Number of protein chains: 2
Amino acid sequence: MTEQRKITDPDGPIHPFDAATSVRMREDGAFVGQAGGNYWAFVGPFGGATAASMLRAILQHAERRGEPLAMTVNFAAPLEAADYCIDVRCTRRNRSTQHWNAEIRQGDDPQPKASATAVLGERRVTLSHQSAVPPTPRPREELPVFDPSGTPPWVSRYRFHFDAGAPILSASALADPQSAFSQLWMADAPERPLDVLSLTAIADAFFGRIFHVLGTIVPFGTVSMTTYFHAAAEELAAVGPWVIGRVDARRFHRSFNDQTGELWSPDGRLLATTHQLAFFKA
Amino acid sequence: MTEQRKITDPDGPIHPFDAATSVRMREDGAFVGQAGGNYWAFVGPFGGATAASMLRAILQHAERRGEPLAMTVNFAAPLEAADYCIDVRCTRRNRSTQHWNAEIRQGDDPQPKASATAVLGERRVTLSHQSAVPPTPRPREELPVFDPSGTPPWVSRYRFHFDAGAPILSASALADPQSAFSQLWMADAPERPLDVLSLTAIADAFFGRIFHVLGTIVPFGTVSMTTYFHAAAEELAAVGPWVIGRVDARRFHRSFNDQTGELWSPDGRLLATTHQLAFFKA
């Protein structure tokens with residue numbers, strides 16, 4: 001296993017997201033994959049890619065029924081740029097829902113580096129009502145694409161066009177806290193049609209709110225992340241590559257802060273809501 | 001075990017919340033308790049009480065270190081009004097955080113009826129910044145207490161004073177969807193000083209948003225619930241019994257809806273943010 005092998009060609013036949021998050025079932029039923037490469041973050045792989053790999057393992061399981069409704073990932077320790085193993089387990093099967101656990105391990109470490117729960121189920125057609133007001137950002141074409149120079153590799157695997165709350169970073173924290181809110185267009189780079197796996201990763205692609213508030217980079221990490229999926233597979237497939245993200249935070253206190261994000265289709269349908277608890281040092 | 005035994009006296013020496021959520025470690029290391037009684041909901045115990053019992057088991061474990069930072073509970077099947085068993089497991093220990101799993105079972109059913117993950121950790125004193133604007137409801141004394149007549153037993157275990165978005169329920173759904181937003185004063189009944197366990201339960205004490213939107217009761221259940229805790233134990237202890245809750249939902253679609261709640265101290269500090277995915281039939 002060389003570093004070369006882990007970096008996939010962004011213009012190759014397999015999209016780098018699918019290459020980075022692919023898993024294969026081993027004979028013992030565990031799923032194996034490889035962390036790192038194109039989706040590297042500060043001290044480990046981009047959490048969104050790890051979450052997507054874990055969900056992919058669940059979705060590839062022979063006994064899986066239904067679509068993802070809710071997923072929580074707890075990030076316990078950084079993964080190394082090396083092979084990993086995902087153990088998945090269906091904890092309960094009901095008539096129309098399934099409950100799954102997933103744990104990801106590396107090497108001889110018996111403790112999982114991340115653990116996840118996912119609820120899968122049928123999405124029957126019901127009353128449909130959107131109480132939230134869709135975002136109305138300026139057209140993407142009128143907004144500059146975010147320049148990923150100087151950022152970790154994973155940032156280059158997305159395209160961001162900020163409508164509001166673009167990060168403005170200095171060498172040290174600003175005297176006054178800035179807004180924690182951002183609104184932006186987001187897509188995989190290169191563009192990739194949306195599905196529940198890429199949506200899972202994009203849900204983690206908002207920059208840490210502490211960077212926006214302080215105007216500088218400080219030690220930061222997602223502790224726990226929960227995403228609710230509000231669209232059926234065929235609805236997601238019709239969206240295309242671009243979503244509109246809206247994100248904010250409420251309180252930064254005693255080492256941790258919350259974060260709430262929304263991912264919208266360009267035509268104003270809420271596709272996912274996503275929440276995080278993040279660690280920061282400041 | 002009689003029904004009599006499960007109903008505790010609301011004016012007795014042990015607060016009904018503590019009685020209903022108490023757990024005891026068995027010789028094999030599992031925690032046992034009893035569902036039902038004062039905190040019954042539609043088809044099972046109030047989910048907030050179940051969540052609190054699971055967190056209580058984790059907190060009572062001899063190897064527990066740190067305070068709850070984040071907790072997710074997946075409700076897989078309704079518990080019966082009977083004994084239950086909670087298996088807790090520390091999946092990873094770091095220098096300043098711990099990751100725990102809990103699963104609750106009843107009788108001979110090998111599949112857990114609810115499963116939870118919790119992240120515990122140290123809350124170091126850091127920069128503190130509240131980006132959210134605190135709610136400013138009318139004083140509690142000026143607002144009528146919610147009349148729990150005709151509601152499930154658990155509702156009588158809380159006091160609610162609605163400042164906005166009180167439920168107005170009819171026999172059938174209204175023609176136009178109503179607001180999903182509510183703002184209210186909330187406390188245990190009888191009043192009980194807040195701690196992380198009661199806060200965990202209060203986080204589930206918002207009424208289903210679908211009832212507010214439709215103006216009627218329909219089949220409903222919380223599927224998954226995540227709460228982030230933003231205050232240290234000594235900060236919670238200083239709050240007293242009352243919190244201000246603010247809750248909303250964004251999309252009701254294909255059998256499920258999200259819900260986001262905030263729990264504030266009366267003096268304007270955000271104590272917890274809480275999120276749900278709920279099932280509805282309409």
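The model is predicted. Chain B superposes on chain A by a rotation of 180° with 0.0 Å of shift along the axis, at an RMSD of 0.0 Å. That is the relation of a two-fold axis. The area buried between chain B and chain A is about 6,000 Å², and a search of the whole structure finds 40 salt bridges over all chains.

**Interface between chain B and chain A**

- The contact draws 66 residues from chain B and 66 residues from chain A.
- Of the interface residues of chain B, 100% are also interface residues in chain A, so the copies meet through the same surface.
- The size of an interface is often given as the accessible area lost when the parts come together.
- Here the buried area is about 6,000 Å², and carbon and sulfur atoms give 50% of it.
- B:Arg250, B:Arg251 and B:Arg254 supply 15% of the area that chain B buries against chain A, more than any other three residues.
- Between chain B and chain A the count is 10 salt bridges.
- B:Glu235 forms a salt bridge with A:Arg254, with the closest N and O atoms 3.9 Å apart.
- The count of residue pairs in polar contact between chain B and chain A is 53, with both residues at pLDDT 80 or more.
- Strand E14 of chain B (residues 270–280) gives the most to the side of chain B that touches chain A, with six residues.

**Strand E3 of chain B**

- Strand E3 (residues 67–75) of chain B is mostly covered, as eight of its nine residues are buried.
- E3(B) pairs with strand E6 (residues 114–121) of chain B in the antiparallel sense, over eight bridges.
- Within this pairing, B:Val73 has B:Ala116 of E6(B) as its bridge partner.
- E3(B) is also joined to strand E10 (residues 220–229) of chain B, by five bridges, and the two run antiparallel.
- In E10(B), B:Tyr228 is the bridge partner of B:Ala70.

**Salt bridges in chain A**

- The side chains of A:Arg138 and A:Asp163 meet in a salt bridge at 2.7 Å, N to O.
- A:Arg138 lies in the loop between strands E7 (129–130) and E8 (158–164) of chain A, and A:Asp163 lies in E8 of chain A, so the pair ties together parts that are 25 residues apart in sequence.
- A:Arg138 counts as partly exposed at 43% relative accessibility, whereas A:Asp163 is buried at a relative accessible area of 15%.
- A network of salt bridges links A:Asp18, A:Arg56, A:Arg192 and A:Asp195.

**Salt bridges in chain B**

- B:Asp18 and B:Arg56 form a salt bridge, the closest N and O atoms being 2.9 Å apart.
- B:Asp18 is in helix H2 (residues 16–21) of chain B and B:Arg56 in helix H3 (residues 47–60) of chain B, so this pair ties together parts that are 38 residues apart in sequence.
- B:Arg56 is buried, with a relative accessible area of 12%.
- The side chains of B:Glu80 and B:Lys113 meet in a salt bridge at 3.4 Å, N to O.
- B:Glu80 lies in the loop between E3 and strand E4 (83–93) of chain B, and B:Lys113 in the loop between strand E5 (97–105) and E6 of chain B, so the pair ties together parts that are 33 residues apart in sequence.
- B:Glu80 is exposed, with a relative accessible area of 51%, whereas B:Lys113 counts as buried at 6% relative accessibility.

How values were computed
Residues are numbered from 1 along each chain as its sequence is written. Chains are lettered from A and ligands numbered from 1 in the order in which they are written. This is a predicted model: local features need pLDDT of at least 70, side-chain atom pairs count only at pLDDT 80 or more; totals for chains, interfaces and linings use all residues. Side-chain values use heavy atoms; hydrogens and water are left out. Copies are superposed by least squares on the C-alpha atoms of residues with pLDDT of at least 70 in both. Contact means heavy atoms within 4.5 Å. Buried means under 20% relative accessible area, exposed over 50%, partly exposed in between (1.4 Å probe, protein chains only). Helices (H or I, at least four residues) and strands (E, at least two) are DSSP runs, numbered from the N terminus. Two strands pair if DSSP finds at least two bridges between them. Buried area is the accessible area (1.4 Å probe) that two parts lose on being put together, summed over both. A salt bridge is a side-chain nitrogen of Lys or Arg within 4 Å of a carboxyl oxygen of Asp or Glu. A polar contact is a pair of N or O atoms within 3.5 Å; within protein, one must be able to donate a hydrogen and the other to accept it, and residues adjacent in sequence count only if both atoms are side-chain atoms.
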